[in-house]
Amino acid sequence: MCFWVSSTHVVLRNPVLRTSTRTALILSGLVVLSSLVALAPIHDAATGLSSLGVHLTLPWHYRVWAPFCSVLDALSVLSIRQHIVLLATYIVGYAAWRIVRRASLRALHPEYRRPWRSACLWETGFACIAVVAWVGIYVAGALVPRPMSSLTLADPDAVTVDFHSHTNASWDGVKRFTAEANRAWHREAGFDVAYISDHATVAGALQGMRHNPVTAGSDVVLLPAVEARYGGQHIIAMGIRPDRDVHADGNWREPALKPGTDAPMLMLTIPGNLSRIDTQQYPGLARLAAIELADAAPRGIDQLQRQRRTVLDFAARHNIAVIASSDNHGWGSTAAAWSVLHIPNWRSMSPTTLDAAIQRAITQHGRSAVQVLARRAPDPGASVALLALTPVAVSVNYLRTLSWPERASWLGWIWAVWCVVTVVPITVPVRRPVADEPALAHERIPELVPETVADDSY
Ligand SMILES: [Zn+2]
């Protein structure tokens, strides 16, 4: 119910209490009951199975803001197709809500007729709020710094590597994303090594290498690579020597090498044209050593959802490694996947020695050299039906992969908001009806006090 307390304000209490209590109980039930069918949030990207000795560590400030951080994390690992389906669902849901709401208002107040100009203004205002809310979520996910969850491995000889990342030395890198910002991002995400693979330049990598720790286990090690175009594909070249290999034009140029020298190691990035890979020839001494099985760019996620099997078959056929890449240009605060190699005593190695050991492991062990660990996310594959179910799949996957600290944070936020909504009196300013403006007075109150109307106690 609602009641007047002055000539200009109305206080809402009981209807809000009933609605918010019901909502809080439903949300709490979902958060708690979904733990009965919980899944590990990290899995092997090749097999889909959970791995032992692997977990996500959440810093205390992540735990405090878990509902916001974890939702943004969940949105950050979706493909372009999935984002489009989410947006379409949002638009349809919003339109349905407005139509149903207007119909219910008319049913409750048959005498009520809003002038069309006023109705247009109301709807435009609500639509603007809906657009700002949607855009705000994505802008916050990409731009606003937030706490990150990091991968923790039980095996001390396991080293986590990002084979593909950028700095502001890339033409499309975020200006504030320096080599040290790149190092800090990888540190927070739980990486031990990050290859800086800027577009056609090693300037960012050189900057990062200058501040590398003496021993690799002391801090995140930044190592040199370069992203270049070759045969219509984007490749990452590792094992380059900045003083020898200069790629000024963005195209891959085979450095002048003599047989027997250490040649660059090439990795195919995704998205790419997989149908061209088999016939593609890599000239000179450079050798194809790996292909991405995880690339955190939405376009990369999109292709890998549809062609994961093709990538795995290709890697097995050529006995090359599968790797994970952040392809981070300075946007966002979510690591989607990690490459894990087993290199005994890597923590005591120098950065240069570790770089050589990583390349040696890939060369010697081929397909089995690297395990790709990724966040569990809904994968519709090539199925249109499963793609259409993205909103449901994302919600279910999100709830099932929450950790207990995240669930506790959710419960805290749900009931904190409930306290605020129900304990603090809510006053809504209204214009009192005046004799010569009956329609205007009727028109404002239902929009401002929707719970009152829905409760039919108005
Ligand atoms: Zn890139």
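Predicted model: local features only at pLDDT ≥ 70, side-chain atom pairs only at ≥ 80, totals over all residues.
1. In E10, the residue opposite Met238 is Met265.

2. Stepping back to the whole sheet, you will find ten strands in an open arrangement, ordered E3-E14-E13-E6-E7-E8-E9-E10-E11-E12, with mixed pairing. Its edges are strand E3 (42-44) and strand E12 (321-325), each of which pairs on one side only. From one strand to the next, the twist averages 35 degrees.

3. The E12 end of the sheet deserves a look of its own. Strand E11 (residues 287-295) pairs with E12 in the parallel sense, over five bridges, and the bridge partner of Ala294 in E12 is Ala324. Helix H8 (residues 298-318) lies across both E11 and E12, and its direction is at about 140 degrees to E11. Helix H9 (residues 351-365) packs on the sheet too, touching strand E6 (158-165), strand E7 (193-196), E8, E9, E10, E11, E12 and strand E13 (337-342). The direction of H9 makes about 50 degrees with that of E8.

4. The largest nonpolar core holds 84 residues, and Met267, Val322 and Val372 have the most contacts inside it. Strand E8 (residues 221-230) gives the most to this core, contributing six residues.

5. Helix H3 (residues 66-76) is mostly covered, with eight of eleven residues buried: Ala66, Cys69, Ser70, Leu72, Asp73, Ala74, Leu75 and Ser76. The cover over these buried residues includes helix H2 (60-64), helix H5 (116-143), helix H11 (390-400) and helix H12 (404-423). H5, on the other hand, has one buried residue among its 28, so it lies largely in the open. The length of H5 checks out as well: at 1.5 Å a residue its 28 residues should span 40 Å, and its end C-alpha atoms are 39 Å apart, which agrees.

6. A few backbone details are worth checking by eye. Ile270 and Pro271 are joined by a cis peptide bond, with omega about 15 degrees; Pro271 is in the loop between E10 and E11. Ala200, a residue other than glycine, has a positive phi, near 60 degrees, and is placed in the loop between E7 and helix H7 (203-210). With 18 other C-beta atoms within 10 Å, Ala200 is partly exposed.

7. Asn319 also has a positive phi, near 50 degrees, and is likewise a residue other than glycine. You will find Asn319 in the loop between H8 and E12. Is Asn319 buried or exposed? It counts as exposed, because it has 12 C-beta neighbours inside 10 Å and the cut-off for exposed is 12 or fewer.

8. For the chain as a whole, the secondary structure comes to 14 helices and 15 strands. Buried residues account for 35% of the 458 residues. Among contacts between residues at least 6 apart in sequence, 75% join residues at least 24 apart.

9. Finally, a word on confidence. The chain averages a pLDDT of 85, and 81% of the residues score at least 70. The pLDDT is below 50 over residues 1-5, a stretch with 13 contacts in the model beyond near neighbours in sequence. Over residues 434-458 the pLDDT likewise stays under 50, and there the model has 39 contacts beyond four places in sequence.

Note on methods
Residues numbered from 1 in each chain as written. Core = buried A, V, L, I, M, F, W, Y, C linked by C-beta atoms within 7 Å. Buried ≥ 20, exposed ≤ 12 C-beta atoms within 10 Å, placed from the backbone. Helix = DSSP H or I, 4+ residues; strand = E, 2+ residues; numbered from the N terminus. Contact = placed C-beta atoms within 7 Å. Expected span 1.5 Å × (residues − 1). Pairing = 2+ DSSP bridges. Axes fitted to C-alpha atoms, helices over the stretch in contact; angles between N-to-C directions. pLDDT = per-residue confidence, 0-100.
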